[in-house]
Amino acid sequence: MKVLIVGLAITVLYAGFLVFQADHNRFIIKQEELKALANECSGAAAIYYEKNAYKDGYKVFDISEGNKAIGFLIRENLKLDEEFNPLGGAYWVDTIDYYVHYYDDSGLMSAYHRDSLTETGSFSYGDLYVDPVEDYMKVISEPTVIVTIIAGRPRYRLTFFEAFEITAARSSAYEYVSRD
């Protein structure tokens, strides 16, 4: 009887371990997908620029079109509604947040939380950008778009993991390389 009880306990423990490993491996894959999405968003936003400024030799981003592209990519890739809440079948549990920083040849830095302007100011090339969420640092040397996506909590099947503060956030920058 003792062997049966110990065998069942080991089986239950092993099953819990397997479930955790499967969930954690999926979380790691989803973090990589989140990084790729942040990279895609920063590149997509950098595609949109002011044509008149470009004609004069300056790279100035079209921020409204860039923000639309970022919002669309995040909603489509993470299966979200218009308010960035997960739809049925989405992996992430929490409302998705994202921040965008634009640095361009106008000499102005514009920071956005979703579509809302949160900060603007002047900068010069050579300034250091420090991401407040990721501790990501980058020297701004060219026109750059930086996107930070905060996905929040992942889906773990074992409920005791909800007590831990497991969250995912990823940043990516697209730098428009000089034409020189």
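Modeller: Happy to! Let's start with Tyr-49, which sits in the loop between helix 1 and helix 2 (51–55). Keep in mind that this is a predicted model.

Biologist: Is Tyr-49 buried, exposed or partly exposed?

Modeller: Tyr-49 counts as partly exposed, at 27% relative accessibility.

Biologist: And which residues is Tyr-49 in contact with, leaving aside its neighbours within four places in sequence?

Modeller: With those neighbours left aside, Tyr-49 is in contact with Tyr-54, Lys-59, Val-60, Phe-61 and Asp-62. There is also a C-alpha distance I can give you: Tyr-49 and Ser-64 are separated by 9.9 Å, and they are 15 residues apart along the chain.

Biologist: Nice. Now the sheet: in what order do the strands come?

Modeller: The order is 3-2-1-6-7, with five strands forming an open sheet and antiparallel pairing. Strand 3 (116–122) and strand 7 (168–175) are the edge strands, each pairing on one side only. From one strand to the next, the twist averages 10 degrees.

Biologist: What packs on that sheet?

Modeller: Helix 1 (residues 2–47) does, touching strand 1, strand 6 (144–152) and strand 7. The direction of helix 1 makes about 30 degrees with that of strand 7. Helix 3 (residues 63–78) packs on the sheet as well, where it touches strand 1, strand 2 and strand 6. For helix 3, the angle with the direction of strand 1 is about 150 degrees.

Biologist: Let's zoom in on the pairing. How many bridges join strand 1 to strand 2?

Modeller: Five bridges join strand 1 (residues 97–103) to strand 2 (residues 108–113), and the two run antiparallel. Tyr-99 stands opposite His-113 in strand 2.

Biologist: What is the bridge partner of His-113 in strand 3?

Modeller: That would be Ser-116. Strand 2 and strand 3 are joined by six bridges and run antiparallel. They form a hairpin with two residues between them, and Arg-114 in the turn has a positive phi of about 55 degrees.

Biologist: Is Asn-67 buried or exposed?

Modeller: Asn-67 is buried, because its relative accessible area is 5% and the cut-off for buried is under 20%.

Biologist: Changing topic: how many salt bridges does the structure hold?

Modeller: Six. One of them pairs Glu-33 with Lys-30, the closest N and O atoms being 3.3 Å apart.

Biologist: How far apart are Glu-33 and Lys-30 in helix 1?

Modeller: They are three residues apart in helix 1, so about one helical turn separates them. Glu-33 is partly exposed, with a relative accessible area of 43%, and Lys-30 counts as partly exposed too, at 22%.

Biologist: Which salt bridge links distant parts of the chain?

Modeller: Look at Glu-175 and Lys-138, whose closest N and O atoms are 3.2 Å apart. Glu-175 is in strand 7 and Lys-138 in strand 5 (residues 137–139), 37 residues apart. Glu-175 counts as partly exposed at 25% relative accessibility, whereas Lys-138 counts as buried at 17%.

Biologist: What about Glu-82 and Arg-75?

Modeller: Their side chains meet in a salt bridge as well, at 3.8 Å from N to O. Glu-82 counts as exposed, with 58% relative accessibility, while Arg-75 counts as buried at 18%.

Biologist: Last one: which residues make the nonpolar surface patch?

Modeller: Met-1, Leu-4, Ile-5 and Leu-8 make that patch, which covers about 470 Å². Among them, Leu-4 lies in helix 1.

Methods. Residues numbered from 1 in each chain as written. Predicted model: local features only at pLDDT ≥ 70, side-chain atom pairs only at ≥ 80, totals over all residues. Heavy atoms only, no water. Pairing = 2+ DSSP bridges. Helix = DSSP H or I, 4+ residues; strand = E, 2+ residues; numbered from the N terminus. Axes fitted to C-alpha atoms, helices over the stretch in contact; angles between N-to-C directions. Contact = heavy atoms within 4.5 Å. Salt bridge = Lys/Arg side-chain N within 4 Å of Asp/Glu carboxyl O. Buried < 20%, exposed > 50% of the residue type's maximum accessible area, 1.4 Å probe, protein only. Patch = residues over 30% accessible without salt bridge, like charges linked within 9 Å, V, L, I, M, F, W, Y side chains within 5 Å. Areas by Shrake-Rupley, 256 points an atom, 1.4 Å probe, with all protein chains shown as cover.
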